[in-house]
Amino acid sequence: MFRLLRWLPLLLLLPPPGSPEPPGLAPLSAGAPPQAPDLLYADGLRAYAAGAWAPAVALLREALRSRAALGRARRDCGARCATEPEAALPALLPASPGPDSGSRAARSAWEPLLLRAALRRAECLTQCGARRLGPGGAARLRVGSALQDAFRRREPYNYLQRAYYQLKKLDLAAAAAHTFFVANPTHLQMREDMAKYRRMSGVRPQSFRDLETPPYWAAYDTGLELLGRQEAALALPWLEEALQESLAQVESCRAGCEGPEEQQKEEEEEGGTGSQGGLYEAIAGHWIGVVQCRQRCVEDTATRPGRGFPVPDFLPGQLRRLHEAHAQVGNLSQAVENVLSVLLFYPEDEAARKALDQYQAQLGEPRPALGPREDIQRFVLRSLGEKRQLYYAMEHLGASFKDPDPWTPAAFIPEALREKLREDREKRPWDHEPPQPKPLTHWKDVLLLEGVTLTQDARQLNGSERAVLDGLLTPAECGVLLQLAKDAAESGARSGYQGRRSPHTPHERFEGLTVLKAAQLARAGAVGSQGAQLLLEVSERVRSLTQAYFSPDRPLHLSFTHLVCRSAIEGEQAQRMDLSHPVHADNCVLDPDTGECWREPPAYTYRDYSGLLYLNDDFQGGDLFFTEPNALTVTAQVRPRCGRLVAFSSGVENPHGVWAVTRGRRCTLALWHTWAPEHREQEWTEAKELLQEPEKEEEEEMPSRDPAPEPPSHRLQRVQDKAGKPPRVREEL
């Protein structure tokens with residue numbers, strides 16, 4: 001009852017059933033002071049977990065509104081208080097103290113000025129925050145780092161779309177889903193949800209709208225598109241809007257750097273100065289953290305939602321396009337202003353200098369009043385001043401700073417730091433990864449395999465210790481192994497399974513065959529001996545290749561070999577939402593919530609490398625994919641084909657799964673390798689001996705009259721517990 005009473009005011013803010021929703025996620029109560037976003041978000045998640053969909057929507061929307069209002073208030077108050085005459089900080093530091101008392105007097109006079117200005121600025125910000133945000137101001141509404149990350153990832157929209165779906169508000173559900181998906185384009189579940197919404201008759205195409213992306217990206221893209229069509233006159237308003245909105249976004253981001261969030265404290269401690277004692281050390285540490293945050297704002301502004309890297313040279317690039325577009329339509333004065341602005345970033349840019357000479361020649365007379373844009377000039381001067389402070393802190397205080405801008409003049413970097421920074425910039429990202437494997441010719445020579453090619457290496461697969469190789473099997477060999485799998489299935493062999501249904505999805509059938517079972521069936525005449533022998537040879541071929549590629553100085557042993565086919569069950573594939581094999585790691589228990597992988601039972605902890613050798617591609621779906629440890633973000637995807645091997649290390653660095661097989665039959669030889677000799681696959685040795693026995697009998701002229709296979713060894717007998725439960729099924733792909 002108490003919870004319902006607490007949610008009642010928010011429920012009253014929702015429109016009555018049947019009435020039109022406000023467009024998008026408009027403010028629920030415009031003009032009212034915002035509440036604490038973290039408390040609203042926590043209450044929204046509790047309501048969501050309890051299935052109270054309407055209160056969940058109201059609380060989550062109010063959390064979004066409050067966070068946006070907090071950002072606007074902080075930005076507006078910061079801009080207004082910066083113009084207060086008594087709150088203006090001293091413009092210049094006094095000269096360095098010398099032996100004369102005049103310098104010491106100037107220094108002692110400057111400190112009270114700084115303190116008075118800081119106190120007046122603080123008073124102004126406190127009063128403005130109280131007027132805009134209610135008692136306590138921004139300090140009452142501080143947002144912790146975890147919540148900031150959640151909002152940055154747009155997680156509230158993920159919950160909103162599900163709650164709206166339950167409330168039958170499909171247009172708003174699609175809008176919320178699209179907003180989340182823009183920032184998380186590789187989120188597996190949302191990808192499936194988006195496909196589901198597109199199939200729904202009640203969802204209009206215009207429902208898929210982004211409710212969060214700043215407007216400058218739309219203007220930027222429109223301007224580039226018009227320029228590409230040689231329509232400079234139409235592109236100019238969009239390009240100018242994109243630049244102005246980009247600068248406004250930078251200012252908004254910079255205002256947030258002065259907030260009281262816990263994240264600031266963590267950044268200061270990482271900078272190496274926040275934990276030092278003393279008044280001036282504390283002031284310097286906090287200031288360094290603020291300026292570091294401000295410098296990152298350009299990079300944040302230049303990064304599209306859902307992208308990991310910013311658009312290179314974002315602001316100078318916009319200025320280049322502006323001066324070229326102005327020149328095309330004959331606005332030479334504006335072209336000069338913009339190209340001079342480019343030269344503020346890159347004074348030695350030959351293309352910009354050549355364009356400037358051309359524009360000035362076309363103007364026909366000197367125009368001394370023409371100069372760079374004032375907004376860009378202020379931006380560059382302020383940024384350079386902050387960089388100078390940060391490099392000083394790096395040199396003398398041990399602070400850390402990674403300059404996001406390629407245009408910083410070398411003169412601003414202390415000489416003692418230039419060499420180290422140059423090495424850091426030139427250092428390739430894969431220098432931090434394990435050593436790359438030896439060239440392909442090395443393992444061709446090792447295995448004497450003709451036609452094996454490296455299709456993708458670890459870098460191309462966006463990970464470490466991953467590789468895709470083609471040509472390990474000929475089409476004829478794939479056909480032999482496919483026939484072996486088919487014959488074994490028709491004979492009733494069910495190696496590793498108690499039934500034909502998949503252990504991972506009810507929509508597919510699995511058929512598994514071990515090397516020893518194949519050898520036994522060959523001895524019995526149920527399958528061809530050629531296929532069973534080829535299965536052994538191919539598994540050893542894969543082992544040798546995997547060792548040559550990943551572990552040339554340390555022997556690998558086969559740990560388990562499994563020929564697996566999975567078939568889509570007809571009539572059960574419509575609107576299917578599950579995976580053929582969920583995301584997992586091969587030697588540890590993956591926890592997607594924490595990103596950790598526990599190397600303990602029931603995982604096969606002794607597995608070190610995995611291999612998947614594909615036999616066919618005449619099916620629908622069934623691609624292998626790798627993810628981040630969160631089991632959601634796809635990093636690479638591989639399409640099966642005959643003779644293609646995907647080899648990778650078996651740990652947390654390579655979580656992987658399989659998309660649903662929605663038509664046909666997908667067959668794969670799955671192999672795991674280990675460095676531990678005690679975990680070597682004994683069944684492989686037994687199978688080899690079993691397949692060699694008929695040859696020995698022929699030599700001794702003692703053919704067996706009994707067509708039945710020999711009784712299995714004790715290792716083949718499936719041990720059951722006291723309750724008669726079968727052993728756990730081995731994971732495979």
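Keep in mind as you look around that the model is predicted. The sulfur atoms of C257 and C293 lie 2.0 Å apart. If you trace the chain between the two cysteines, you will see that they are 36 residues apart and that the bond links distant parts of the chain. C257 sits in the loop between α11 and α12 (262-270), while C293 belongs to helix α13. In the whole model, the count of disulfides comes to 7.

Rolling a probe the size of a water molecule over the atoms shows where empty space is left. Which helices supply at least two residues each to the lining of the largest cavity? They are α11 (232-256), α13 (279-301) and α17 (374-397). Of these, α17 gives the most, with 4 residues. To find the spot in your viewer, select V250, R254, R294, Q295, V298, F379, R382, S383, E386 and D405, which line the largest cavity. By class, that lining divides into 5 charged, 3 nonpolar and 2 polar residues.

Now let's move to another part of the chain, where two helices pack. Two packed helices are described by the angle between their axes and the distance between the axes. For helix α2 (residues 37-49) and helix α7 (residues 155-166), the angle is about 35° and the axes are 11 Å apart. The crossing of α2 and α7 is left-handed. On the α2 side, the contact is made by Y41, L45 and Y48, and on the α7 side by E155, P156, Y159, R162 and A163. What classes of residue make up this contact of α2 with α7? There are 6 nonpolar and 2 charged residues, with no polar ones.

How values were computed:
Residues are numbered from 1 along each chain as its sequence is written. This is a predicted model: local features need pLDDT of at least 70, side-chain atom pairs count only at pLDDT 80 or more; totals for chains, interfaces and linings use all residues. Side-chain values use heavy atoms; hydrogens and water are left out. On a 1 Å grid over the protein atoms alone, a cavity is a set of points where a 1.4 Å probe fits but cannot get out, and a pocket is an open set with protein on both sides within 12 Å along at least five of seven lines; lining residues have an atom within 4 Å of a point. Ala, Val, Leu, Ile, Met, Phe, Trp, Tyr, Cys and Pro count as nonpolar, Asp, Glu, Lys and Arg as charged, and the others, Gly among them, as polar. Axes are lines fitted to C-alpha atoms, for helices over the stretch in contact, and angles run from 0 to 180 degrees between N-to-C directions. A crossing is left-handed if the near helix is turned anticlockwise from the far one by less than a right angle, and right-handed if clockwise. Contact means heavy atoms within 4.5 Å. A disulfide is a pair of cysteine sulfur atoms within 2.5 Å.
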